[in-house]
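Here is a short tour for anyone looking at this structure for the first time. Take a moment with the picture, then read on.

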There are 2 protein chains.
Amino acid sequence: MNMRIETAAMDTLCANALRFLAIDAVEQAKSGHPGMPMGMAEIAVALWTRHVRHDPADPAWADRDRFVLSNGHGSMLLYGLLHLTGYDLPLDELKRFRQLHSKTPGHPEHGLTPGVETTTGPLGQGFANAVGMALAEKLLAREFNRPGCDIVDHRTWVFLGDGCLMEGLSHEAASFAGVQRLSKLIALWDDNRISIDGNVAGWFADDTPARFMAYGWNVVEAVDGHDVAAVDRAIRKALANAEKDAGPTLICCRTTIGRGSPVRAGTADVHGAPLGEDEVAATREELGWPHDPFEVPEEVRAAMDARAAGAERRAAWHTIFEAYRTAWPEAAAEFERRTAGRLPVGFQVLAHAILRGVDKDAATVATRKASQHAIARLARALPELLGGSADLTHSNLTDWPGCGAVRADQPGRHINWGVREFGMAAALNGIALHGGFLPFGATFLVFSDYARNAIRMSALLGQRVVYVMTHDSIGLGEDGPTHQPVEHLPSLRLIPGLDVWRPCDAVEAQAAWNAAVQRRGPALLALSRQNLPHQPRTIDQLEDIARGGYVLAETAGARPALVLIATGSEIALAVEARGLLQADGIPVRVVSMPCTAAFDRQDAAWRAAVLPPGVPRVAVEAAQPDFWWKYLAGAPRAAVVGIDRFGESAPASDLAALFGFTAERVADTARRLL
Amino acid sequence: MNMRIETAAMDTLCANALRFLAIDAVEQAKSGHPGMPMGMAEIAVALWTRHVRHDPADPAWADRDRFVLSNGHGSMLLYGLLHLTGYDLPLDELKRFRQLHSKTPGHPEHGLTPGVETTTGPLGQGFANAVGMALAEKLLAREFNRPGCDIVDHRTWVFLGDGCLMEGLSHEAASFAGVQRLSKLIALWDDNRISIDGNVAGWFADDTPARFMAYGWNVVEAVDGHDVAAVDRAIRKALANAEKDAGPTLICCRTTIGRGSPVRAGTADVHGAPLGEDEVAATREELGWPHDPFEVPEEVRAAMDARAAGAERRAAWHTIFEAYRTAWPEAAAEFERRTAGRLPVGFQVLAHAILRGVDKDAATVATRKASQHAIARLARALPELLGGSADLTHSNLTDWPGCGAVRADQPGRHINWGVREFGMAAALNGIALHGGFLPFGATFLVFSDYARNAIRMSALLGQRVVYVMTHDSIGLGEDGPTHQPVEHLPSLRLIPGLDVWRPCDAVEAQAAWNAAVQRRGPALLALSRQNLPHQPRTIDQLEDIARGGYVLAETAGARPALVLIATGSEIALAVEARGLLQADGIPVRVVSMPCTAAFDRQDAAWRAAVLPPGVPRVAVEAAQPDFWWKYLAGAPRAAVVGIDRFGESAPASDLAALFGFTAERVADTARRLL
């Protein structure tokens, strides 16, 4: 009994320590979100002192539990936890909360702070990342564990708030986690009934437990989120469910936002602004916290320190792993390669060989089909390739012979994501962050809109995720303007760090895939529905594709009088227009520009060699034209053949004529510049 | 009994007529989606022959029921219904399904086909549009109905499939409809357990009825969707619920996709491809349909024809409306004005007067605050203004004195949408389509990503929806890269038909609002978190703001040696840089370009006068720079001061220095061009 009381007292101290680190940091920064850390402090203590299996000394340990703060505005709670449990995040960094180049930015940023598993803030996405992580764990365990040797066996924990639950993304992620029965995923809901606009009763009246049960989740209801022991019991229930493989668990914790603040607790005022000097003092009084700002009692430090236990746990895992290595040396090596994100030895040579083979085939196919062939080839060399589509598998062409469908009880390498574009993309980020897989996902290019912020997050996270986006222009024909991307290609190119590829034939499609899987960062492939003819290339030109922009057709000896720049399906058009112009004695160069971002990374000499100053240029792309002026500004005269309005429903050939995607129009546009 | 049998037989005939119109049209087009019309034919007959209150002769009748086909790929079902009930959609148009400039495009397009209430295809959005329509009906009824004179009293019907239900958007829309208790919204779910990838069991195992009950919906479960009488009974239950104002209703109809096709029924094969000649013949055999392609038996035409009943119903409504007009002439006139979408007489003069007043105030405020003042001013003149925010009311600044919060039981003009950006935007489209309101919605600019496809749909639909997007650059400071838009401004400008405004001060903010409310089409306002100084203007310059780009600062007499183009918060920077350059004797023009789309609509003379050829130009905008080359290509030398990477978490002033948004850097960039 005494011990229990002591434990309870210590829990309270720990929770208050987390509270005041958040209060003090927000106060010092004069901005930030104290309400959530103050409300979730006891939940954090229950989870992090009793259940999270991690080693602060090695944030990259492959079998660590993953923890995601989906309500990322409460970042100070996470920073407090990382600091107190022993990560390399000194108090000085907490004092520099939200300052330039500190390790404690306004929202948690993966890669910047040890122990931060993903970048959160855009609501709902952390939760969907966690679903991806839990799926990765399940698939990796299925693939690598051996009888008596579970080298993959960890849980994914996620904190989320009402905001995450209101987002549509939470539906996609939770529904998918349910059908895939991700039993080691445990979500803790900060049910404080307050969102930024106030008490949620007026805009959010869901019966959330019932909703999650409808997804096949276990739900632990009505937990007092300020009672560490109660939260602990709820987590134990969740873990028991996980043991029985009974589906993911949602723990519903009733809390008070800003708990401890005499005036602001339980109101939206405490969500996103400093308490202010007076209220901080009153909160210290209220909670009996005599300590100075940023002062943490030694007994709290001792109670929270996870380093010794973490080191022990990691050592135990290493013992198991070494036994595994002895018994299954190849699998162990492969596990280490995969979780480190290294490609197999010799992959680059293989990729080249594949590319040359595709060039020899000289096939005329749709680039979506070429992409499918590329996937099949790469999947043989890269067991980490994990594909899928948002319910358009046979349109996006993402499956391959023998891939197998990933199901709750069935191994495979192809995921039917359902009609959940955003959930898919955000989960792909989680899979990539987890490690062990090289994930790709697919939908129609126009529906990249649905997933857009998660694609942005792939780039911000710098994760290797490949997006297969097919039906990339009006060339899709009859489905009409709702399904015809117009602005998508140029607008995706504006996302920093995203490589957008639009291959013109099977060869460039393979080159795009080769580049995508070798890159540390996301790539998006925009692919045609319709067949595109093979373009002949020299060996040098084959190599040049990776540069993102290169001379595809040149008149021997003659300096070009005009440069035609094109991508994807418009390359064949440019080549045809070139024929018309050359028949008139006009020497024309065709530049293929499948990836402008890669082209921008080339040195100035390459770029000037491809796009010589002083020569008129015409860009041709069946998309919104404005983007191309970036590459036309250096020319004395220039024009774009593009589409500056929405598409229409009609057979593709009618649309090509309607929108002027004919060799004659391209040639005429060029002639007017000469 | 005999009558009942006859009715059942006629229902079957009608359903098969709809089936074969779809089959034949898809066959003729050699593309399209026969599966859904074949599966929902009986549901359509039950609804359209017994319940939809409409008049095919007047598709714009204000009090008609609204019908939305959220699973828009089944467009032929809708075209068949519109044709058979008597809309101006002749058989010849059905024969031209999916052909260029027909009235029967691949997905239903509002404005092109009489009776099509919204453009659908992007899954989930039709459903969310319908939620907006039902909300508009409820609010309009609340505002205009008088005792005994319900001039607004119609239902909103929506068909939706598994695809819509998997989309996260369905969560946002259904949750919002539940909390707002939109009892006249009745959704019919085509529960065929098939999506494009096959049987949904592997990726969609939600208990959908339980899920919708968790949202506060009434759910009518387990209805045989091929039994017209059963569907009719379910609809009657829903209507009884509507009478009791007991919340929206979901009717769950078990169906077989492609019903009638001997080989393909119940499989994904029938979803999106023609049956093929043999299977069409087999289906005719199976269903006992002896008629030629596109042949409809006269008794079916007679049974489906809704013109006489529609004319009667509309006449009855007009009688009520005339009584209303007699009793409440002003309200009647206002109702007619509002539902026609006309602004009040004299509004333009008023808007000018407001603008001049704002100019006289010469206030230095954040443009989000200036927008709030503009909203307050316009709201007095425009009772149709209906605002809201996705849970950021006090950050986006969308409320105004006396606006009142819209609640299930409470009138108001400001909507707390909750954290549902996509749902909000798609519902705004529905509100605008319904008529009677001029809706606007708000979130942070970076989260325009979440709503992006609905913003695109506003443009495709040409609806007057205003998006208030605040915190428009790194100027928001500490919240960091997840919250700092970088690529959003330029990427939104690429959406055809969307006017993106980025005002530089309170005057331009008012001008942007004035333009937005007067436009037939959507506008998006990108607004600053931070204060921006007032820029002095002549009367002529005040007028020029509406042109989207104009000369803000010019050196009297001197031809400019350089043009600085800027928007929003960078105007003050450009003006400051101009001061530095002019101190060096360099005459500099500053062009303010708050709306490039409006500028593009000006004649060539205006554009050349603002951006004179032959003068070097520098564009300055705290966003991804590529877009600006469109306006720089005409200059002999040019540069952009922009941001080509993600932001960081720090105080705004630190970020301005880090990213080089200083007058010195702008001036230096300019000097290098001279």
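## A threonine in a loop

Let's begin with a single side chain in this predicted model. The side chain of B:Thr104 has a polar atom 2.8 Å from the backbone oxygen of B:Glu93. A polar atom of that side chain also lies 3.4 Å from the backbone nitrogen of B:Phe97.

Where does B:Thr104 sit? You'll find B:Thr104 in the loop that links α4 (91-95) and α5 (125-144) of chain B. And is B:Thr104 buried or exposed? B:Thr104 counts as buried because its relative accessibility is 0%, and the cut-off for buried is under 20%. Leaving aside residues up to four places away in sequence, B:Thr104 touches B:Tyr79, B:Leu89, B:Glu93, B:Leu94, B:Arg96, B:Phe97 and B:Arg98.

## Where the two chains meet

Now zoom out to the two chains. On the chain A side, 94 residues are in contact with 94 residues of chain B. The size of an interface is often given as the accessible area lost when the parts come together. For chain A and chain B, the buried area comes to about 7,900 Å², with carbon and sulfur atoms giving 57% of it.

Between chain A and chain B, 50 residue pairs are in polar contact, counting pairs with both residues at pLDDT 80 or more. The rule also finds eight salt bridges across this interface. One of them joins A:Arg98 to B:Asp479, with the closest N and O atoms 2.5 Å apart.

## A covered strand in chain A

In a regular strand the side chains alternate between the two faces of the sheet. Have a look at strand β1 (residues 66-69) of chain A, which is covered on both faces. A:Arg66 and A:Val68 are buried on one side, while A:Phe67 and A:Leu69 are buried on the other.

Which way does β1(A) pair with strand β2 (residues 156-161) of chain A? The two run in the parallel sense, over four bridges. Within β2(A), A:Phe159 is the bridge partner of A:Leu69.

## A five-stranded sheet

Further along chain A, five strands make an open, mixed sheet in the order β16-β18-β17-β19-β20. Its edges are β16 (550-553) and β20 (638-641), each pairing on one side only. Neighbouring strands here are turned by 30° against each other on average, ignoring direction.

Inside the sheet, β17 (residues 562-566) and β19 (residues 617-620) of chain A pair in the parallel sense over four bridges, and A:Leu564 stands opposite A:Val618 in β19(A). Helix α22 (residues 570-583) of chain A lies across β16, β17, β18 (588-592) and β19, running at about 175° to β18(A).

Key:
Residues are numbered from 1 along each chain as its sequence is written. Chains are lettered from A and ligands numbered from 1 in the order in which they are written. This is a predicted model: local features need pLDDT of at least 70, side-chain atom pairs count only at pLDDT 80 or more; totals for chains, interfaces and linings use all residues. Side-chain values use heavy atoms; hydrogens and water are left out. Buried means under 20% relative accessible area, exposed over 50%, partly exposed in between (1.4 Å probe, protein chains only). Two strands pair if DSSP finds at least two bridges between them. Axes are lines fitted to C-alpha atoms, for helices over the stretch in contact, and angles run from 0 to 180 degrees between N-to-C directions. Contact means heavy atoms within 4.5 Å. Buried area is the accessible area (1.4 Å probe) that two parts lose on being put together, summed over both. A salt bridge is a side-chain nitrogen of Lys or Arg within 4 Å of a carboxyl oxygen of Asp or Glu. A polar contact is a pair of N or O atoms within 3.5 Å; within protein, one must be able to donate a hydrogen and the other to accept it, and residues adjacent in sequence count only if both atoms are side-chain atoms.
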